Amino acid sequence: MGDQDKLLNEVTQREYQYGFVSDIETETISKGLNEDVIRLISSKKKEPKFMLDYRLKAYRYWQKMDMPKWAHLNIPEIDFQDIIYYAAPKSTPKYESLDEVDPELLATFDKLGIPLQEQKQLTGVAVDAVIDSVSVKTTFKETLSEKGIIFCSFSEAVQEHPDLIQKYLGKAVPYTDNYFAALNSAVFSDGSFCYIPKGVRCPMELSTYFRINASNTGQFERTLIVAEDDSYVSYLEGCTAPQRDENQLHAAIVEIIVEKGAEVKYSTVQNWYPGDKNGVGGIYNFVTKRGICKGDRSKLLWNQVETGSAITWKYPSCILIGDDTVAEFNSVALTNNYQQADTGTKMIHIGKNSKSTIVSKGISAGKSSNAYRGLVKVGKNASNSRNFSQCDSLLLGNQCGAHTFPYVEVANNTAIVEHEATTSKIGEDQIFYCNQRGISTEDAIGMIVNGYAKEVINKLPMEFAVEAQRLLEISLEGSVG
Amino acid sequence: MLKIKDLRASVEGKQILNGLNLEVKPGEVHAIMGPNGAGKSTLANVLSGNDKYDIIGGSVDFGGNDLLDLSPENRSREGLFLSFQYPVEIPGVSMVNFLKTAVNEHRKYRNLPPLKAGDFLKMMREKKELVHIDSTLTNRSVNEGFSGGEKKKNEIFQMAMLQPKLSILDETDSGLDIDALRIVANGVNALKSKDNATIVVTHYQRLLDYIVPDYVHILYKGRIVKTAGKELALELEEKGYDWIKEEMGE
Ligand SMILES: Nc1ncnc2c1ncn2[C@@H]1O[C@H](COP(=O)(O)OP(=O)(O)O)[C@@H](O)[C@H]1O
Ligand SMILES: [Mg+2]
């Protein structure tokens with residue numbers, strides 16, 4: 001093993017910083033999946049009939065499907081009958097103040113460095129904290145409701161705004177879309193719903209923190225964001241998960257509908273438990289995220305920093321239906337140890353003059369594998385549409401892998417599609433140069449990696465950018481030394 | 001300040017330093033000259049702790065510390081500075097961020113609080129003048145797209161920022177035109193004090209017109225084979241390295 005690899009091994013060998021289990025009482029239903037389980041979930045959540053019907057249709061469709069095989073992921077067999085499909089913190093009253101919240105939960109947030117209290121007072125971020133499957137705390141609701149903005153848990157939205165849910169559910173991601181989308185549609189537990197009325201600019205960043213908590217509970221979150229004409233919202237989602245030995249399945253769906261002249265900025269920092277340094281444990285993260293730029297001049301931005309999960313399968317996508325629509329995908333995906341990531345985006349141009357930009361920054365360390373997979377598709381009516389893609393890979397050591405799979409399908413000859421790709425390595429000589437100026441190897445790598453990723457990090461809202469930078473550093477600890 | 005005794009070191013299994021002795025006292029300037037491949041850069045790398053190089057034997061005392069026992073970053077924080085023969089580029093890392101981190105790490109080592117942003121920028125402005133380095137350079141990533149001469153100036157600029165006790169300048173003169181050479185030499189001279197010392201590694205006597213050494217050593221096949229005053233550099237210039245080979249009985 002070369003010095004570089006020794007170096008890499010040492011820095012990446014530190015234990016997962018956020019790996020802890022909080023001791024909140026959890027109510028679960030028994031393992032396994034059948035129609036009765038789905039009825040039970042739906043009745044526990046006191047859902048209207050249309051929801052149960054939707055779940056059952058999705059379930060029946062899913063049963064006829066096979067789990068897909070992917071070229072660049074090595075996924076162990078998943079026993080879907082060995083998963084608990086519903087867990088709720090026992091007794092879930094809505095609290096008026098933080099004093100009433102389970103102190104154990106508050107301590108959990110403290111460890112994560114995101115105390116609710118501070119979030120509320122200092123940053124003006126409305127926090128809808130989802131521990132396991134049921135939302136525990138929603139803040140800033142009043143300020144938002146004055147403007148007619150709805151920001152609540154998905155379950156609550158099903159109760160209070162069934163018309164909106166019925167109108168938009170499955171419009172961006174139909175349950176027929178893929179295996180995990182069908183599964184999610186059948187069993188999803190909770191998530192967030194966000195609705196911005198016509199002409200309203202949401203006055204604060206909306207954010208949700210997700211955590212997997214109950215052992216062995218598959219997580220099936222569902223997010224739905226609807227931005228009416230000429231509205232604006234910046235939405236943040238981030239998560240950390242406690243350390244686990246069993247693999248945990250996470251199959252979320254995020255749907256975004258952007259109407260005429262509206263803009264949605266969706267930012268996420270994903271830090272699910274990646275498994276230990278030998279690749280044991282860790283979350284399987286199979287997520288379907290898709291937005292529709294439905295109206296003319298609508299705009300959708302996906303910003304993501306992915307450092308977690310044992311296996312990540314995720315392609316936040318945009319369908320640019322309206323004319324003069326704009327979509328961006330900015331991504332940093334970091335893999336270390338035995339992590340595998342296959343991420344990217346799809347930009348489907350349907351409207352005229354539609355523009356999309358893709359900036360993907362992969363960082364691979366340890367024995368990990370990091371693939372970018374992107375599709376740019378230009379329909380025959382999408383005249384003068386444009387895409388620019390930039391896919392960069394940064395390698396630490398020579399035991400990891402980076403792959404780029406750009407697919408392009410253009411059916412309109414006035415469209416311009418450009419693709420650039422680079423691969424670089426952090427060299428021992430760069431690290432030694434930093435060392436010689438008094439900078440430790442860990443700090444040097446943190447600095448180089450953050451420099452490499454800054455184009456994407458800079459797109460994140462301030463408080464997220466700081467967290468993301470720290471996360472990149474933490475995630476590489478032990479990978480170089 | 002620096003006491004090297006019988007230093008032997010190898011790279012990639014090949015022994016390069018073969019029992020090297022050198023002593024440097026505060027306030028002194030030492031020049032090390034020698035033909036290509038003699039081991040000059042190897043010595044610089046070994047002293048600054050590059051782990052590509054393996055120590056086979058000998059000892060190095062630096063201000064009362066066992067230098068070879070310190071990590072490269074702690075050698076730097078203890079006041080050892082290397083101006084690299086080939087400075088590397090670090091894309092994405094701005095000069096400002098890089099130097100702020102370096103300066104504050106040095107301060108932390110001495111239990112000092114980090115410099116305030118304003119004080120740091122002021123310090124940067126002052127030191128930039130010393131080597132006539134442009135803001136367009138310091139606003140870029142570390143050494144990225146710098147010309148050869150700019151890279152060398154940038155090394156001396158960093159030296160000025162870190163205020164080392166002992167600086168090793170590894171062929172800082174190569175690739176410099178006469179104006180740049182003068183600027184760099186003036187910078188080095190301005191940083192000179194009775195408490196710090198400089199080791200100038202060079203091929204040519206030219207630089208030594210500007211940075212006047214107290215001692216000139218000739219490094220040959222991994223050992224110092226001749227030591228004298230500054231006139232040795234002139235003699236070497238005149239007679240060439242073959243003279244050394246002959247002296248060594250080759
Ligand atoms: N990293 C390295 N890998 C292999 N050989 C090296 C390395 N560094 C130096 N050497 C060898 O060591 C010898 C001395 O090199 P160096 O110290 O760079 O000489 P100088 O600086 O005096 O020209 C040369 O033969 C050179 O090829
Ligand atoms: Mg050399």
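Which residue stands opposite Phe62(B) in β5(B)? The residue is Asn65(B), in a predicted model where local features need pLDDT of at least 70, side-chain atom pairs count only at pLDDT 80 or more, and totals for chains, interfaces and linings use all residues. Residues are numbered from 1 along each chain as its sequence is written, chains are lettered from A and ligands numbered from 1 in the order in which they are written, and side-chain values use heavy atoms, with hydrogens and water left out.

Strand β4 (residues 53–62) of chain B is joined to β5(B) by 2 bridges, and the two run antiparallel; strands are DSSP runs of E with at least two residues, helices are runs of H or I with at least four, and both are numbered from the N terminus. Two strands pair if DSSP finds at least two bridges between them, and in chain B an open sheet of 4 strands has the order β2-β1-β4-β5, with antiparallel pairing. Its edge strands are β2 and β5 (65–66), each pairing on one side only.

Ligand 1 is surrounded by 13 residues of which the closest include Gly37(B) and Lys40(B), a residue being near if one of its heavy atoms lies within 4 Å. The table lists polar contacts, which are pairs of N or O atoms within 3.5 Å.

| Residue | Residue atom | Ligand 1 atom | Distance |
|---|---|---|---|
| Lys14(B) | polar side-chain atom | oxygen | 3.0 Å |
| Ser41(B) | polar backbone atom | oxygen | 2.9 Å |
| Tyr53(B) | side-chain N or O atom | nitrogen | 3.1 Å |

Within the shell around ligand 1, α1(B) gives the most, with 3 residues.

Technical notes. A polar contact is a pair of N or O atoms within 3.5 Å; within protein, one must be able to donate a hydrogen and the other to accept it, and residues adjacent in sequence count only if both atoms are side-chain atoms.
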